[in-house]
Amino acid sequence: MDHSVAPVLDALAEYQRLGRYGFTPPGHRQGRGADERVREVLGGALRADVLAAPGMDDRLARGHRLSDAEELMADAVGAEYAFFSTCGSSLSVKAAMMAVAGGDGGLILGRDSHKSIVAGLIFSGVRPYWITPRWDAERHFSHPPSPEQVRQAWQDHPEAAGALIVSPSPYGTCADLEGIADVCHEHGKPLIVDEAWGAHLPFHADLPTWAMDAGADICVVSVHKMGAGFEQGSVFHVQGDLIDRARLTECADLLMTTSPNVLLYAAIDGWRRQMVEHGRELLGDALQVAAYGRERLGTIPGITVMEDELLGVEASHDLDRLQILMDVSETGATGYEIADWLREHRLLDLGHSDHRRILATLSMSDDKHSLDTLHDALAAWRVQCKDPKPHGIRLPAPRELQLDTVMSPRDAFFGPCETVPAEQAAGRIAAEQVTPYPPGIPVIVPGELIDAAVVDYLRTGIAAGMNVPDPADPELRTLRVVAHDAGDPAHR
């Protein structure tokens, strides 16, 4: 296929060149009706904000702009089919779950799944068959499931409709997807991969294996995370005969907005062309910059750039080295404190921080100068960091984080519930999810039996700077739990 063209981007350019005008939404008419103060900041984006049809294409989409762009994307990455989404991978993964296991099905899932997957369970009623993460208890860190764990899960739950694995994780750690895909296909069942952090993987051989190359049946990527798209730009990739593509498209259509943002489509389309033409060179340069940054950042006293610790038979299968994960526990400070200091004093934002780590997510946009800036900022923080106060976070043992699922997430969330003081929640069934964000992996999922250790961890974490945005009470003074008369085994 001719990858020098970008059908959506080209159509948008033509719209502007011809001076088209629509008596249609959006009401700002490409910015002419917007407040001057808005135009000053968003002028370029407003000019490109047009309807998909009639606008970018005619009312029947006879120009095939979007479908042509999707075909080019599939060809670029070696998938059989691609579908663009403007509602993020949070929508895409829900559509994939519903297409594979909707109705009355179940999915084998890593318990390190993103909150969007839990939301998919709640919306759809799909039953989760959880795989416990492999825990590094010393570092309080979880690794993706292994093929052996997935094989055991299939033996325990042969009725499952498919499996869903998150890889790479938000930390860049990767599962053995080829091994997991082989296990799933031995059972004649599909593998869905939430590869939100891996849109760049098809375009350079020194990056971890791309899910389609590993044999996955559906792969969902977020172009904005490690690519060059706008926030919310996402793509499904599909291959093989284990997926009903018509059902997948219909599930996506059920969840998708009827007013997709053409800006997002155009950015995905233009990024695909850039990657086909220059991706190997750009990502090769980025990997060199990452190696430079890893070496420099590792010279700061008390900061350990994690790499070997993340790999191994009982750890992760591979690592995206564009994600620079740093353990700061030797300094006595939390990652929350460091992230706040960098933002306030050096105008730098980090993608992730927790009680003992910070994460710098690199992309092809970074260079040695940006890494020097980060190094100098962290070195300056280290000089002024003297005798930090103990963080006071009560870290549970891995077994205490493994909550028992006693109700379906859907029944627990939508059923009768009540609000109780957090200190009284132990032994009750959760009716809401509680998720430190980022990385967005729920500590409590609706339907799980809450224990005191997890409540203590979350409450002391919040006091130390943890962000927990999704419960009804983000300070976690209270928790929503299943009502006594709704099947709570602790109060029958």
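The protein chain of this predicted model has a mean pLDDT of 94, with 99% of its residues at 70 or more; pLDDT is the predictor's confidence in each residue, from 0 to 100. Confidence is lowest in helix H14 (residues 398-401), at a mean of 85, and highest in helix H8 (residues 177-186), at 98. Helices (H or I, at least four residues) and strands (E, at least two) are DSSP runs, numbered from the N terminus. Residues are numbered from 1 along each chain as its sequence is written, and side-chain values use heavy atoms, with hydrogens and water left out. As the model is predicted, local features need pLDDT of at least 70 and side-chain atom pairs count only at pLDDT 80 or more, while totals for chains, interfaces and linings use all residues.

**Nonpolar cores**

A nonpolar core is a set of buried Ala, Val, Leu, Ile, Met, Phe, Trp, Tyr and Cys residues joined through side-chain atoms within 4.5 Å. Buried means under 20% relative accessible area, exposed over 50%, and partly exposed in between (1.4 Å probe, protein chains only). The largest core has 84 residues, and Leu-191, Leu-297, Met-326 and Leu-378 have the most contacts inside it. Helix H11 (residues 262-297) gives this core its largest share, 14 residues. With neighbours within four places in sequence set aside, Leu-378 is in contact (heavy atoms within 4.5 Å) with Leu-297, Ile-300, Ile-303, Met-326, Ile-338, Leu-342 and Ile-358. A second, separate core has 24 residues, among them Ala-99, Val-126, Ile-192 and Val-220.

**Cavities**

There are 2 cavities of 30 Å³ or more in the structure. On a 1 Å grid over the protein atoms alone, a cavity is a set of points where a 1.4 Å probe fits but cannot get out, and lining residues have an atom within 4 Å of a point. Grid points are joined across faces, edges and corners, and a volume is the space filled by probe spheres set on the points.

The largest cavity has a volume of about 50 Å³. Its lining residues include Tyr-15, Thr-24, Arg-29, Gln-30, Val-50 and Leu-51. By class, this lining has 6 nonpolar, 4 polar and 1 charged residues. Here Ala, Val, Leu, Ile, Met, Phe, Trp, Tyr, Cys and Pro count as nonpolar, Asp, Glu, Lys and Arg as charged, and the others, Gly among them, as polar.

The second largest cavity, of about 30 Å³, is lined by Met-73, Val-77, Ala-199, Trp-210, Val-221, Val-235, His-237 and Trp-271. Helix H4 (65-77) and strand E10 (234-238) each supply at least two residues of this lining, which has 7 nonpolar, 1 polar and no charged residues.

**Helix H6**

Helix H6 (residues 115-124) is largely enclosed by the rest of the structure, because 8 of its 10 residues are buried. These buried residues pack against helix H5 (88-101), strand E2 (106-110), strand E3 (127-131), strand E6 (162-166), strand E8 (191-194) and helix H15 (409-414). Gly-125, with a positive phi near 80°, follows H6.

Gln-323 lies in strand E13 (residues 323-327) and is buried, with a relative accessible area of 1%. Not counting residues up to four places away in sequence, Gln-323 touches Pro-170, Tyr-171, Gly-172, Trp-197, Met-226, Arg-294, Leu-359, Ala-360 and Thr-361.

Val-434 is placed in the loop between strand E16 (417-421) and helix H16 (452-463), and counts as buried at 0% relative accessibility. Beyond four places in sequence, the residues touched by Val-434 include Pro-442, Ile-444, Leu-458, Asp-470 and Leu-479.

Met-466 is in the loop between H16 and strand E17 (478-482) and is buried at 7% relative accessible area. With neighbours within four places left aside, Met-466 contacts Tyr-336, Pro-436, Tyr-457, Leu-458 and Gly-461.

**Backbone geometry**

| Peptide bond | Omega |
|---|---|
| Ser-167 to Pro-168, cis | near -5° |
| Tyr-437 to Pro-438, cis | near -15° |

Pro-168 is in the loop between E6 and strand E7 (173-174), and Pro-438 is in the loop between E16 and H16.

His-140, a residue other than glycine, has a positive phi near 55°. His-140 lies in the loop between strand E4 (134-136) and strand E5 (141-143) and counts as buried at 12% relative accessibility. Asp-387, also other than glycine, has a positive phi near 50°. Asp-387 is found in the loop between helix H13 (368-384) and H14 and counts as exposed at 75% relative accessibility.

Key: 1 Å grid on protein atoms, 1.4 Å probe; cavity = no way out; pocket = protein on both sides within 12 Å on 5 of 7 lines; lining within 4 Å.
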